[in-house]
Amino acid sequence: MTFVSLPRSSHYWLVNGRIPKSLLTATAPHQSVIPVLASEPWGEELVAADVEISDGQIQAIAPLGSAPPTAITVDLHQGLVWPCFVDIHTHLDKSQTWPRHPNPDGSFRSALAVINDDTVHWTPEDLYRRMDFSLRCSYAHGTAALRTHFDAFGPLAAQSLAVLSELKQAWAGRIEIQLVSLVSLDYYLTPDGERLADQVADHGAILGGVAYTNPDLLAQIDRVFSLAAARDLWLDLHVDESLDAADISLRHMAETKLQHQFSNPVVASHCCSLSVQSAEEVAETLCWVKAAEMAIISLPLCNLYLQDRTRDRTPRYRGVTLLHEIKRQGIPVAIASDNCRDPFYAYGDLDGLEVFTQAARIAHLDRPYGDWAQTITTTPADLMGLPTTGRLGPGLPADLVLFKARTFNELLSRPQSDRVVVRQGQAIAAPLPDYAELDDLVLYQDIA
């Protein structure tokens with residue numbers, strides 16, 4: 001049950017709310033900052049405000065008491081108002097496969113083998129139903145935009161692009177979906193890799209891949225930049241997803257971007273090896289990344305699950321990249337869900353709040369919270385080229401997530417299952433889908 005009910009009217013006010021200051025646009029008021037306690041040195045920087053909603057848009061963000069006496073009002077009782085989430089790194093094609101093909105030991109190597117075995121079941125119907133199920137989870141939790149990678153070796157590319165294009169059309173107006181190809185970078189040295197780049201361009205998608213350290217890595221990186229430049233494509237790459245300090249693909253990416261004078265957006269995800277490198281090595285790499293104007297996406301939940309995993313041994317190194325150091329250099333950094341109930345991550349529900357909550361705990365995104373809320377909202381929206389998403393201000397769509405929690409501490413202490421998701425000014429009626437819907441697809445395993 002939700003904590004508040006919204007009127008059916010197209011014009012009403014949300015009154016007595018609190019908004020994270022960092023999620024307001026420059027045209028919204030930034031006064032009335034409320035610390036958690038007057039005596040506490042690290043305030044939460046929440047703005048007390050009334051929000052006017054009309055015809056699906058935010059008409060005004062005003063000081064408390066601004067709603068006229070005749071207005072229809074909804075008292076939030078100091079509850080938090082957020083924009084909808086932006087999930088910039090997911091793998092919808094793999095999602096919900098765990099019951100069918102669980103990872104036997106939780107390792108990255110096993111995940112690769114298991115998902116390869118599972119692809120024999122990836123018919124158009126199987127892909128559509130599992131991906132649509134995941135999108136319904138994402139939508140119900142409050143996500144407005146999502147980028148998904150899709151495995152693209154051989155015939156998988158055409159099939160996944162066809163299904164994802166159908167889903168994009170079906171979900172238009174609810175979730176903005178972007179597509180990224182996923183192959184190892186050596187694939188782009190082959191004729192099939194060049195054909196994949198053409199397919200990506202034909203579908204308005206993004207060129208992507210995984211960089212593995214090998215003798216041909218520099219040639220592979222150079223090739224993927226050349227293919228993208230020739231087709232005016234963006235790049236989204238899996239980089240250094242390991243605890244090997246010798247993995248410096250991120251630096252090579254930045255150097256190559258500068259050498260090619262590549263002007264389109266480039267994002268690098270994971271970057272786990274930064275967490276085990278020397279301060280000097282990290283500083284040099286981040287200097288290159290900043291000069292190349294790249295951005296970094298951290299996937300803390302999946303990295304914690306896979307990195308430094310050995311049976312009957314507690315992990316020492318967790319692989320979460322250096323969010324504070326990256327941000328301190330002025331490099332855009334975002335966080336995202338990554339995998340969901342598949343061999344790479346057994347859990348998750350594509351909930352932006354869960355991602356932010358766990359990231360705040362794991363990476364100490366507090367004391368102060370500052371503008372870390374942007375990592376699951378404004379920053380990924382900017383990286384996806386969505387200037388009206390993931391932020392709050394007059395004239396923007398009234399796509400909101402309303403919480404009973406009054407502070408960051410309250411928000412991150414409970415699941416917030418009574419949140420209200422608002423799209424174009426109206427509360428959505430979208431319950432989470434039942435796992436049983438997929439039983440006929442996933443409740444079996446192959447018998448050798």
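These are my notebook entries on a predicted model of one protein.

**Ground rules**

I number residues from 1 along each chain as its sequence is written, and side-chain values use heavy atoms, with hydrogens and water left out. Since the model is predicted, local features need pLDDT of at least 70 and side-chain atom pairs count only at pLDDT 80 or more, while totals for chains, interfaces and linings use all residues.

**Entry 1: overall form**

I looked up the secondary structure first. The protein has 13 helices and 17 strands; helices (H or I, at least four residues) and strands (E, at least two) are DSSP runs, numbered from the N terminus. The C-alpha trace spans about 70 × 55 × 50 Å along its principal axes.

I then checked the radius of gyration, which is taken over C-alpha atoms, against the globule rule of 2.2 Å times the number of residues to the power 0.38. For 448 residues a compact globule would come to near 22 Å, and the protein has 22 Å, so the two agree.

Buried residues make up 57% of the 448. Buried means under 20% relative accessible area, exposed over 50%, and partly exposed in between (1.4 Å probe, protein chains only). I also looked at contacts, meaning heavy atoms within 4.5 Å. Among contacts between residues at least 6 apart in sequence, 80% join residues at least 24 apart.

**Entry 2: helix α3**

For residues 156-170 that gives 21 Å, and the end C-alpha atoms are 21 Å apart, which agrees.

I listed the buried residues of α3 as L156, A157, S160, L161, V163, L164 and L167. An α-helix has 3.6 residues a turn, so residues three or four places apart point the same way.

I found a cis peptide bond between R367 and P368, with omega about 5°. P368 sits in the loop between α10 (352-363) and α11 (378-383).

I noted positive phi in two residues other than glycine. Phi of D240 is near 50°, and D240 lies in the loop between β11 (235-239) and α6 (249-260). D240 counts as buried because its relative accessibility is 4%. Phi of C271 is near 55°, and this residue is in the loop between β12 (266-270) and α7 (279-291). C271 has 1% relative accessibility and therefore counts as buried.

**Entry 3: S54**

I looked up S54, which belongs to strand β3 (residues 46-54). Is S54 buried or exposed? S54 has a relative accessible area of 12%, so it is buried. Leaving aside residues up to four places away in sequence, S54 touches S10, H11 and Q59.

**Entry 4: pockets**

My search ran on a 1 Å grid over the protein atoms alone: a cavity is a set of points where a 1.4 Å probe fits but cannot get out, a pocket is an open set with protein on both sides within 12 Å along at least five of seven lines, and lining residues have an atom within 4 Å of a point. Grid points are joined across faces, edges and corners, and a volume is the space filled by probe spheres set on the points.

The largest pocket has a volume of about 490 Å³. Of its 29 lining residues, H141, Q416, S417, D418 and R419 lie nearest the centre. The elements giving two or more residues to this lining are α2, α10 and β16 (420-423). Helix α10 gives the most, with five. I counted Ala, Val, Leu, Ile, Met, Phe, Trp, Tyr, Cys and Pro as nonpolar, Asp, Glu, Lys and Arg as charged, and the others, Gly among them, as polar. The lining has 15 nonpolar, eight polar and six charged residues.

The second largest pocket holds about 390 Å³. It is lined by 23 residues, with K94, L112, D151, L182 and F344 nearest its centre. Two or more residues come from each of α1 (108-118) and α8 (300-306), and α1 gives the most, with four. This lining divides into twelve nonpolar, seven polar and four charged residues.

Methods:
The expected span of a helix is 1.5 Å times one less than its number of residues.
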